[in-house]
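Here is a short briefing on one protein model. Keep the structure open while you read.

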Amino acid sequence: MKNAFRHKILYLLLLSLSGWSLKAQQEGFMLTTENDSLHYVIYRSSEGVDRWKIPYPVYQFHVGDIDNNGIDEALVGVIKPTRFFPLGRRIFIFKVFRNKVRPLWMGSRIGDPLLDFRIVEVEGRHLLRCLGQSETTQPLYTVADFCTKKFGVQFVRYRAKEVSYDQALQAFKAND
């Protein structure tokens, strides 16, 4: 027991001599990866660290104030198969409540099968912009904006509907 205490003191002394401190670590959300299908959303603050396990492959991670309350949320794109949609991409949204990571929305499907998403600012508010592939016989694509509500997301408008991939990508990347 005494050795463990001595090692901890020595470790902290070495850290302080190197100029490192707990407060020097970045505050906010981050994503860590254990393996290809095990990730953690981590929230670090001056109060401590909390994490939420995500047992699915992750294809994308964003941090931003998607609910427009002045506090960032974490948006995690996961590949979560379901009975009727075996290759489904979903979006999980996490918030901070009392310095703990908590789910705001655990991504049921958003209209068309999801290919990509990002946070955009339109007329002073943040929206979730999604690029999806229409479920038609032809390869057509849709870009739609969503806002958050108390639970989940709500459709706001189409930026492009059933267009070519190039047209959809242009609408998806637009900053308005």
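N99 sits in the loop between β6 (89-97) and β7 (100-106). Its phi is near 60 degrees, a positive value in a residue other than glycine. Bear in mind that this is a predicted model.

**Positive phi values**
- Most residues other than glycine have a negative phi.
- E162 lies in a strand, β11.
- At 42% relative accessibility, E162 counts as partly exposed.

**Overall make-up**
- The protein has two helices and eleven strands.
- Along the sequence the pattern reads α-β-β-β-β-β-β-β-β-β-β-β-α.
- Of the 176 residues, 38% are buried.
- The accessible surface comes to about 11,200 Å². Carbon and sulfur atoms account for 52% of that surface.
- Among contacts with a separation of 6 or more, 35% join residues 24 or more positions apart.

**Confidence**
- The mean pLDDT of the protein is 83. A value of 70 or more is reached by 84% of the residues.
- Among the elements, helix α1 (residues 2-17) has the lowest mean pLDDT, 46. Helix α2 has the highest, 96.
- Over residues 7-24 the pLDDT is below 50. This stretch has two contacts in the model beyond near neighbours in sequence.
- Where pLDDT is low, the predicted coordinates should not be read in detail.

**Helix α2**
- Which residues of α2 (165-173) are buried? They are A168, A171 and F172.
- These three cover an arc of only 100 degrees around the axis, so they lie on the same side of α2.
- D166, Q170 and K173 are exposed. They are carried on the face of α2 turned away from its buried side.

**The three-stranded sheet**
- An open sheet of three strands runs in the order β1-β2-β3. Its pairing is antiparallel.
- β1 (28-35) and β3 (48-54) stand at the edges. Each has a single partner strand, so one side of each is left without a neighbour in the sheet.
- The twist averages 25 degrees from one strand to the next.
- How many bridges join β1 to β2 (residues 38-45)? There are seven, and the two strands run antiparallel.
- T33 stands opposite H39 in β2.

- L75 is found in strand β5 (residues 73-79).
- Is L75 buried or exposed? L75 counts as buried, because its relative accessibility is 0%, and the cut-off for buried is under 20%.
- Leaving out residues up to four places away in sequence, L75 touches Q60, F61, H62, I66, I91, F92, I93, F117, I119 and L128.
- L75 and M106 are 31 residues apart in sequence. Their C-alpha atoms are 9.9 Å apart in space.

Conventions:
Residues are numbered from 1 along each chain as its sequence is written. This is a predicted model: local features need pLDDT of at least 70, side-chain atom pairs count only at pLDDT 80 or more; totals for chains, interfaces and linings use all residues. Side-chain values use heavy atoms; hydrogens and water are left out. Buried means under 20% relative accessible area, exposed over 50%, partly exposed in between (1.4 Å probe, protein chains only). Helices (H or I, at least four residues) and strands (E, at least two) are DSSP runs, numbered from the N terminus. The arc is that of the directions from the helix axis to the C-beta atoms. Contact means heavy atoms within 4.5 Å. Accessible areas come from the Shrake-Rupley method with a 1.4 Å probe; for residues, only the protein chains shown count as cover. Two strands pair if DSSP finds at least two bridges between them. Axes are lines fitted to C-alpha atoms, for helices over the stretch in contact, and angles run from 0 to 180 degrees between N-to-C directions. pLDDT is the predictor's confidence in each residue, from 0 to 100.
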